[in-house]
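This briefing sets out the fold, the packing and the side-chain pairs of the chain shown below. The points are grouped by topic.

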Amino acid sequence: MAPDEGAGETVLPPEVLAIEGDRDFGAYLSGACTGCHQTSGSQDGIPAIVGWPDEDFVIAMHAYKRKNRPHPVMQMMAGRLSDEEIAALAAYFGALE
C-alpha cells in the first residue's frame, strides 16, 4: 500500500505533524512492527515501511487509527499508539534504508 493511500480522508492538525519523534524510543517500540514488517525493506507480501518521509508515515498510521485505511490488524496496532509513539516510529523507520 502506498504511504499516501487513505490520506485524503486523514487531515491532521499541524501540531501532530510537528511532533519530533524520538528515534531511540521508536527503535524500542519497533518490535511490535517488525513481527510482520522487515527492517531490510524487503516486502515479501507485506509492505515495506522503511525510508518513508516522517509525515507520510504519521499520516498513514493515523489513517489506520481512524479506519480510513482498511486492514484490521494495522487498525488495531495504530489504535493503541499515541501521537508521540507514532512520531517516534516514523523517525526510526524513516532513518532506515
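The buried residues of helix α5 are E85, I86, A87, A88, L89, A90, A91, Y92 and F93, where buried means under 20% relative accessible area, exposed over 50% and partly exposed in between, with a 1.4 Å probe and protein chains only. The model is a predicted one, in which local features need pLDDT of at least 70, side-chain atom pairs count only at pLDDT 80 or more, and totals for chains, interfaces and linings use all residues. Residues are numbered from 1 along each chain as its sequence is written, and side-chain values use heavy atoms, with hydrogens and water left out.

- The buried residues of α5 pack against α2 (23–29) and α3 (54–65).
- Helix α5 covers residues 83–95, and its 13 residues should span 18 Å at 1.5 Å a residue; the expected span is 1.5 Å times one less than the number of residues. The end C-alpha atoms of α5 are 18 Å apart, in agreement with that value.

**Overall fold**

- The chain has 5 helices and 0 strands, both taken as DSSP runs numbered from the N terminus (helices H or I, at least four residues; strands E, at least two). Along the sequence the pattern is α-α-α-α-α.
- The radius of gyration of the chain is 12 Å, close to the 13 Å that the globule rule gives for 97 residues, so the chain is as compact as a globular protein of that length. This radius is taken over C-alpha atoms, and the rule is 2.2 Å times the number of residues to the power 0.38.
- The C-alpha trace spans about 30 × 25 × 20 Å along its principal axes.
- Of the 97 residues in the chain, 38% are buried.
- Among contacts (heavy atoms within 4.5 Å) with a separation of 6 or more, 71% join residues 24 or more positions apart.

**Nonpolar core**

- The largest nonpolar core has 22 residues, and those with the most contacts inside it are I49, F57, V58, M61, L89 and F93. Such a core is a set of buried Ala, Val, Leu, Ile, Met, Phe, Trp, Tyr and Cys residues joined through side-chain atoms within 4.5 Å.
- Elements that give two or more residues to this core are α3, α4 (72–79) and α5.
- Neighbours within four places in sequence aside, F93 is in contact with S30, C33, T34, T39, I49, V50, G51 and F57.

**Aromatic pairs**

- The structure holds 4 aromatic pairs, counted between rings of Phe, Tyr and Trp (its six-membered ring) with centres within 6.5 Å; planes under 30 degrees apart count as stacked, over 60 as edge-to-face and the rest as tilted.
- W52 and F57 form an edge-to-face pair, because their ring centres are 5.9 Å apart and their planes lie at 65 degrees. W52 is buried at 14% relative accessibility, and F57 is buried at 3%.
- F57 and F93 are stacked, since their ring centres are 6.1 Å apart and their planes lie at 20 degrees. This pair links distant parts of the chain, with F57 in helix α3 and F93 in helix α5, 36 residues apart.
- One aromatic cluster is formed by W52, F57, Y92 and F93.

**Cysteines**

- The structure holds 0 disulfides, a disulfide being a pair of cysteine sulfur atoms within 2.5 Å.
- The sulfur of C36 is 9.0 Å from the closest cysteine sulfur, in C33, and this is too far for a bond.
- C33 is buried, with a relative accessible area of 14%, whereas C36 is partly exposed, at 48%.
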